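The sequence and structure come next.

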Amino acid sequence: MPINPNEKDVQQNNTQTIFSLLTIFVFLSMDIEAREPYESTYQPRITNNLVIKNVTILDGKGAKLLRTDVSISAGEITKIAKNIVDDQAKIIDGVGKWLTPGIIDVHSHLGVYPSPSINATSDGNESTSPNTARVWAEHSVWPQDPQFGLALAGGVTTLQILPGSANLFGGRGVTLKNVPSRTVQGMKFPGAPQSLKMACGENPKRVYGGKSKSPSTRMGNVAGYRAAWIKAKEYQEKFNNSDLKEEDKPDRDLTMETLVGVLNGEILVHNHCYRADEMANMIEIAREFDYKITAFHHAVESYKIADLLAEQDICSAMWVDWWGFKLEAFDAIQQNIGLVDKAGACAIVHSDSSRDIQRLNQEAAKAMSAMLRMGKTVAPEKAITWITSNPAKALGIAERTGRIEVGYAADLVLWNSNPFSVYSRADLVLIDGYLYYDRNDPSKQPITDFSLGQTHRKLSQ
Amino acid sequence: MSMKNPYVFLLLWTMLLFYCVETQAQTIVIDNARIFPMQDQIEVEFSSVTLENGVISSFSNSPTIPPNATVVDAMGKFVTPGLFDAHTQLGLEEIDAVSSSVHSRLNNENIGPAFDIQYAVNPASTLIQVNLVEGVTHAVVAPMPGSDFYSGFGAAIRLTNVQPIYKPRVAMFGAINTQIIKKAGGSSSEVIAKLIRTIKNLKQLKSPRYQPGPGDYSKTDIEAIDYAYRTRLPIIISVNQSKDILQLIDIANTLKLNLILMGGAEAWKVANKLSDSNIPVILDPLNNLPSDFDQLGARLDNSAILQRAGVTIAFSDPDSHNSRRLRQLAGNAVAHGLPWYEGLKAITRSPANIYSLENGFLKTGSEASLVIWSRDPLEVTSWPERIMFEGQWISLESRQTALFKRYENLSAGKKTGFTYQ
């Protein structure tokens, strides 16, 4: 700046300064995008207060309440009691009906393996390298997948979309609210942690062994995980090392960011693993690198190590009756879920199927019956936790949803009868208190763009 | 082992019965039951059935109980014929991913109609055992589709580990799907046209002058197609899209084929035509996904619409490992509008009618294969309490119950059956 500015320069400088200040002021007051890139844009839709009256409740906490009322306001459950009076509220008659928390599926490929299932939409497995921790399943999600609406009709309000299991590290999974949306950001469950999909066993070694690459054996699988975690630890140390100058710190690396996220406890590990001995190996690896396995998926043999899983506080996401499609699924028993639960471990029923996601209540019913058949009691109020509060715990959203409790999100399903019956149908499905699905109102049965105009497609009768 | 364990009780009871059968003529009366024999054309229920040495002698609502008869008090429970899965690969596969254990298809592109699965059905298959103890007593075993419209011959089996096949060449199977359309050149039109040509030209194709070139049906193929045509063998075609179904209905009528559809995701759209032409449909009632462009119209009330129009329907689970899910399939079809009795029929009697077989229903003079269910058999919370297979009560043990027993006490902090760490 010149020592002796003349009058014109001073005037110009003042104008520039005022102009800059004004711009900054306008910019700040517009409140643009404090939102991080990729963060959820989901906004609950607010409606009138609701009271569901005289309904049988399975609350997801292990209790069954008869002829009780539930009131909902601003998207939350505000009261659970008999004879609630609220003149402002819309009353929903629950006589003869059952109310459960919205169903949560922890293992789904809706959107990434959508209908129609063709090459152009097959986006679930980046099977080009055993370690693709850098990819995020949410970037493959097609929100117009017709399967979302079908799952909603089955009472599913929250679901985790995962990469497939071709790779040792498949990529980040995402938890979504099952709401119609033009974008995946509009479905993302606000504040839910992301997950890292890992896979052990036959799949990675078949995919890469078949290309004459590593891994081609189970020992190759394990060496693959360990090598990756070693790198991640180094990266984490360098990144956190305050003695390093900025220019000596490592470059951004998407793969490392995911793995370090796990080491930092921010990203939850969901590990596809069928065999008991392999689950034990994965636990050892987690101990070596000091991270937590949140859940094993397709945990067909969890019943064989139910004690170990209880001790380690690792959830098991299981099927009730799928078996025999791979050797690692040969030892499946229908009492798997029940036995894991009895051992005090977190038991979850998952689908990994766009077909069975529509009937997770029936899958849980079969699991409950399989135990009863063997003389072991399981109450319905316990079985419901396998598809509500336990999955919520595995997804890191147990404080928000998965239960009928005051202060929780009004993610609810009103069934026309006991949900553990093959004849039971979801009458109403609410997410954050908004009625997204009404079986008796065709205008409240969301269909995606793909199905629009195809007059032969009706979601429900 | 506790006496409260129903399986100990059942085992001892079975042993006792076995002893009795060995030593003298045995009359059993199952009484106080809801027995659905699934007789043809009429919907009827009885409260009791009498069996002499495992053969049904009478149904009654007020039975006369002979003095030395064993009475089984069914306590109001449902009794049905053993379930019949209309389309499976039972006995042809153990583990899908282990190709050496799968014998349901050929990799040879040159073989289609002449493929016959009867020589590969494995009586020792775990799939047979696992599904038998869940009440599935009979099934039709079919080849998987290959590259040709025709897939080959299937067989009818009893789910037993001694000579399961009781009717080889029970039907000819075929399909119209992406792979088959591709092999034909890329259009379903050519698949249909080739079928019409072949049937119409059978006389010339059977003559000694026929010299098949590359891509033509071999003489063995022609023999197989001709056999199926001549004997009016049931021809089961896997097809979903209504455009293809309409073509097949036309061919069935003009060329006089004994056509049955398999899959039929869009069959509901042409239900009346199927009914008029007496074409049954074997389907998976839970298929409601628009998973490909040939089944954009898939819906959960497909079977209800078909049955209302007068079409014979039977159910089949796409996964033979879980043929036992038949009841859940039927229950869901009922939840979406199918009458309950029709749901039960679709997993018992209908397959018998489609294939002209004598199983899937109970009739006097025949050895009984029946199940006493804990409650409504179509309910997911129901299970088989007792199963009689060809006149004998059978064990409900399987590999899966053995695994359960080995590990069941782990949750109670007790050591497992073997000494495992």
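## A sheet in chain B

In this predicted model, Ile35(B) stands opposite Val79(B), the latter lying in strand β6(B).

## Helix α5 of chain A

Helix α5 of chain A, which covers residues 254-263, is mostly covered, with eight of its ten residues buried. Among the buried residues are Met256(A), Leu259(A), Val260(A), Val262(A) and Leu263(A), and the list also includes Thr255(A), Thr258(A) and Gly261(A). The elements against which the buried residues of α5(A) pack are, in chain A, the strands β8 (169-177), β9 (195-199) and β10 (268-272), together with the helices α4 (218-240) and α6 (276-289).

At the start of α5(A), the backbone nitrogen of Thr255(A) has a side-chain oxygen of Asp253(A) within 2.9 Å. Just after the helix, Gly265(A) takes a positive phi of about 80°.

## Strand β10 of chain A and its partners

Strand β10(A), one of the elements that α5(A) packs against, has five of its five residues buried, so it is largely enclosed by the rest of the structure. Leu268(A), His270(A) and His272(A) point one way from the strand, while Val269(A) and Asn271(A) point the other way, and all of these residues are buried.

The pairing of β10(A) with β9(A) is parallel and runs over five bridges, and within it Ser195(A) has Leu268(A) of β10(A) as its bridge partner. Strand β10(A) also pairs in the parallel sense with β11(A), residues 293-297, over four bridges; here the bridge partner of His272(A) is His297(A) in β11(A).

## A loop residue in chain A

Thr121(A) is placed in the loop between β6 (103-108) and α2 (147-153) of chain A. Its relative accessibility is 15%, and since buried means under 20%, Thr121(A) counts as buried. When neighbours within four places in sequence are left aside, Thr121(A) is in contact with Val112(A), Tyr113(A), Pro114(A) and Pro116(A).

## The interface between chains B and A

Contact between the chains involves 58 residues of chain B and 53 residues of chain A. The area buried between chain B and chain A is about 4,900 Å², of which carbon and sulfur atoms give 55%. Arg325(B), Trp383(B) and Phe404(B) supply 13% of the area that chain B buries against chain A, more than any other three residues.

Between chain B and chain A there are seven salt bridges, including one between Asp284(B) and Arg355(A), whose closest N and O atoms are 2.3 Å apart. Polar contact links 28 residue pairs across the two chains, with both residues of each pair at pLDDT 80 or more. On the side of chain B that touches chain A, the helices α1 (6-23), α2 (126-132), α10 (326-335) and α13 (399-407) each supply at least two residues, and by class this side has 28 nonpolar, 15 polar and 15 charged residues.

Key
Residues are numbered from 1 along each chain as its sequence is written. Chains are lettered from A and ligands numbered from 1 in the order in which they are written. This is a predicted model: local features need pLDDT of at least 70, side-chain atom pairs count only at pLDDT 80 or more; totals for chains, interfaces and linings use all residues. Side-chain values use heavy atoms; hydrogens and water are left out. Buried means under 20% relative accessible area, exposed over 50%, partly exposed in between (1.4 Å probe, protein chains only). Contact means heavy atoms within 4.5 Å. A polar contact is a pair of N or O atoms within 3.5 Å; within protein, one must be able to donate a hydrogen and the other to accept it, and residues adjacent in sequence count only if both atoms are side-chain atoms. Buried area is the accessible area (1.4 Å probe) that two parts lose on being put together, summed over both. A salt bridge is a side-chain nitrogen of Lys or Arg within 4 Å of a carboxyl oxygen of Asp or Glu. Ala, Val, Leu, Ile, Met, Phe, Trp, Tyr, Cys and Pro count as nonpolar, Asp, Glu, Lys and Arg as charged, and the others, Gly among them, as polar. Two strands pair if DSSP finds at least two bridges between them.
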